Amino acid sequence: MPRQRTSMRKLREILRLRLYAGLSIRQIRDSLRVSIGAIQKVATAAEQNGITWPLICTLDDSELARWFYPQADTQVSTRLELPDWCAVHKELRKAGVT
């Protein structure tokens, strides 16, 4: 099972609180309820890559994701798959299924 990654909204917020507001890792943890390890990884990666808050403001979510998760597929799916409603209806007709 793949490890859960920090969501884009939280990633931006971690970076904002660290780089713009200058909060400590523990203050960020208390504010966002994100593990200290996740905050340290993001902060370290930003520092190593020379990422600044003004740069982050210019990036969209996919570009930001590529900086922190280069191996991840950062494309947003444009296709939605609808369920097979006939199969769903059939399953729901069975006894004990809600």
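**Helix packing around α1 in a predicted model**

**View 1. Crossing of α1 and α3.** In this predicted model, helix α1 (residues 8-20) and helix α3 (residues 36-48) have axes that come within 10 Å and cross at roughly 70 degrees. Because angles of 65 to 115 degrees count as roughly perpendicular, α1 is described as roughly perpendicular to α3. The crossing in which α1 passes α3 is right-handed.

**View 2. Residues between α1 and α3.** On the α1 side, Leu11, Ile14, Leu15 and Arg18 take part, and they meet Ile39, Val42, Ala43 and Ala46 of α3. Sorted by class, this contact of α1 with α3 comprises seven nonpolar residues and one charged residue, with no polar residues.

**View 3. Crossing of α1 and α2.** Helix α1 (residues 8-20) also packs with helix α2 (residues 25-32), at an angle of about 140 degrees and with the axes 10 Å apart. Since only angles over 145 degrees would count as roughly antiparallel, α1 and α2 are therefore classed as oblique to each other. Here, too, α1 passes its partner, α2, in a right-handed crossing.

**View 4. Residues between α1 and α2.** The contact is formed by Lys10, Glu13, Ile14, Leu17 and Arg18 from α1, together with Ile25, Ile28, Ser31 and Leu32 from α2. By class, the residues of this contact of α1 with α2 divide into five nonpolar, one polar and three charged.

Notes: Residues are numbered from 1 along each chain as its sequence is written. This is a predicted model: local features need pLDDT of at least 70, side-chain atom pairs count only at pLDDT 80 or more; totals for chains, interfaces and linings use all residues. Side-chain values use heavy atoms; hydrogens and water are left out. Axes are lines fitted to C-alpha atoms, for helices over the stretch in contact, and angles run from 0 to 180 degrees between N-to-C directions. Helices (H or I, at least four residues) and strands (E, at least two) are DSSP runs, numbered from the N terminus. Angles under 35 degrees count as roughly parallel, over 145 as roughly antiparallel, 65 to 115 as roughly perpendicular and the rest as oblique. A crossing is left-handed if the near helix is turned anticlockwise from the far one by less than a right angle, and right-handed if clockwise. Contact means heavy atoms within 4.5 Å. Ala, Val, Leu, Ile, Met, Phe, Trp, Tyr, Cys and Pro count as nonpolar, Asp, Glu, Lys and Arg as charged, and the others, Gly among them, as polar.
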